[in-house]
Amino acid sequence: MLVLSVALGLVTSQVNHDLSRPNIIFILADDIGYGDLSCYGATKVKTPHLDELAATGVKFTDAHSAATVCTPTRYALMTGEYSFRRKPGAGILSGEAPLSIHSDQPTWPKMMQSMGYRTAVVGKWHLGLGTGKTDYNSTIAPGPREVGFDESFIIPATGDRVPCVFVENGKVAGYDPSDPIQVSYQEKIGNEPTGKENPELLKLKPVQGHLGTIVNGVSRIGFMTGGKAARWVDEDIADRITSKAVGFIRQNRSHPFFLYFALHDVHAPQLPNKRFWGKSQCGLRGDTISELDWSVGEILKTLESMGLRKNTIVVFSSDNGAVDQDGYADERENLNGHAVNGVLRGAKYSLYEGGHRVPMLISWPAKTPKGRISDALVTQSDFFASTAKLLGANLGVGASPDGVANEGALFDGAASKRKNLVHHLGGFGSALAYREGNYVLVPKGKGWELFDVAKDLEQKVDLAAKMPEKVSDMVKKLAVVSGR
Ligand code: NG6
Ligand code: CA
């Protein structure tokens, strides 16, 4: 008995209870829309673990990704810099693109390291790897390590892009030197079947751009040869990355940690594990959402069982709005009336709210108000500056140039310090929208539309003709903020 209590006492004292240094887990889903979760009104799919996050924290109704596609959103999340400012991080990167963040650029994870945190990224990277054309046959650098992650287990680009292998701490996981990996986005390489030539081998029906090499019965964007033993099985991706994320938490029970857990769900190809088939009433998408909710549940369960839940900030959000079909025709079948972006106008690739207004849940049971719904204007690009403020870190010159320290709104249910926000379509030189207060200015042809999103969330009433002065004022302000 004495031995047991001494042992328990020891374990308890090893838990990180320091409220000035909470653990941080940022879970970024891929292509989850404003209408995809039951806590945001979905009825054809249930997301009990995400609903639990909402019940134990704050649910944001006016939260935004930096862009309407993946790479630029992630670039801004890591750097606190608007992604339209620099070419490499502005567009959708291929699986052979170099790292888009300079090794000497200040980043969110580097700041966390400087505060004594252990850092890891698990899941979708999509920020480029190496210099020049990525070589997957040797140690790949620069990459997550140079961006500030002590540990990494990543999908290099997207689930629908080659190479279909995980990269763990700079090396292809399960790499076999006798079967080298080659990647091309220009032309077919090797003699493996492709979606174009062998549609009879496919388990999903590709739409444009997805006719390259067939891996696991799915034709991808781009071509690859080699790395056969290292190739992922799509149906196991959620299990593989969730177990890596859980492993990292387990190793760091007594030490503050920062985990960036970038889910692959629900990006194309949507191929959830068999145990989620038929879990929802809205087809493949819904079943994939059930899988995503399971991943979040595993994280929460792990925290709970280790006594870490209370002092861990868990954030859940999405890298861009949803689109009902983005690679394979099967995605749209059986949606059964499920509205991926809820009432919002537009979708991924659009500057209307459906492109970038996304779910965001933040739960830190030791501090955040429980079950609060917040309509504060918040953006993912402010996490770098806001957590720096929260931890008392010195940001330093040039760090998070576009970030606002908004820790009150994010972690304490307070009013937002963010008064304006630029929304980026994605792509260098691509269109921008501008939010100020309740108004948003959206480009249309050579002109602009103006909406009051507090009164008209669905963006049905264009106020531009009625409020020309407001339009010209906002056009001028956008030019100043964006430098364009
Ligand atoms: C687009 C792809 C789309 C998806 C997207 C990236 C085509 C026609 N479309 O170019 O399928 O892969 O890139 O999505 O190829 S994101 O969420 O990673 O930005
Ligand atoms: Ca995405």
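Is Lys 228 buried or exposed? Lys 228 is exposed, with a relative accessible area of 51%, where exposed means over 50%, buried under 20%, and partly exposed in between, using a 1.4 Å probe and protein chains only. This is a predicted model, in which local features need pLDDT of at least 70 and side-chain atom pairs count only at pLDDT 80 or more, while totals for chains, interfaces and linings use all residues. Residues are numbered from 1 along each chain as its sequence is written, chains are lettered from A and ligands numbered from 1 in the order in which they are written, and side-chain values use heavy atoms, with hydrogens and water left out.

- Asp 31 lies in the loop between β1 (23-29) and α2 (48-55) and Asp 319 in the loop between β12 (312-318) and α9 (353-356), so the pair ties together parts that are 288 residues apart in sequence.
- Asp 31 counts as buried at 3% relative accessibility, and Asp 319 counts as buried at 0%.

**Salt bridges**

- The count comes to 32 salt bridges, each being a side-chain nitrogen of Lys or Arg within 4 Å of a carboxyl oxygen of Asp or Glu.
- Asp 36 and Arg 285 meet through their side chains in a salt bridge of 2.7 Å, N to O.
- Asp 36 lies in the loop between β1 and α2 and Arg 285 in helix α8 (residues 283-305), so this pair ties together parts that are 249 residues apart in sequence; both Asp 36 and Arg 285 are buried.
- Lys 228 forms a salt bridge with Glu 192, with the closest N and O atoms 3.8 Å apart, and Glu 192 is buried, with a relative accessible area of 12%.
- Glu 298 and Lys 301 form a salt bridge of 3.0 Å, N to O, and, being three residues apart in helix α8, they are separated by about one helical turn.
- A network of salt bridges links Asp 30, Arg 74, Lys 124 and Asp 319.

**Strands and a helix**

- Helices (H or I, at least four residues) and strands (E, at least two) are DSSP runs, numbered from the N terminus, and two strands pair if DSSP finds at least two bridges between them.
- Strand β17 (residues 432-436) pairs with strand β18 (residues 439-444) in the antiparallel sense over three bridges, and Leu 441 in β18 is the bridge partner of Tyr 434.
- β18 also pairs with strand β19 (residues 447-452) in the antiparallel sense, over six bridges, with Tyr 439 opposite Asp 452 in β19.
- Helix α10 (residues 383-391) is mostly covered, seven of its nine residues being buried, among them Phe 383, Phe 384 and Leu 391.
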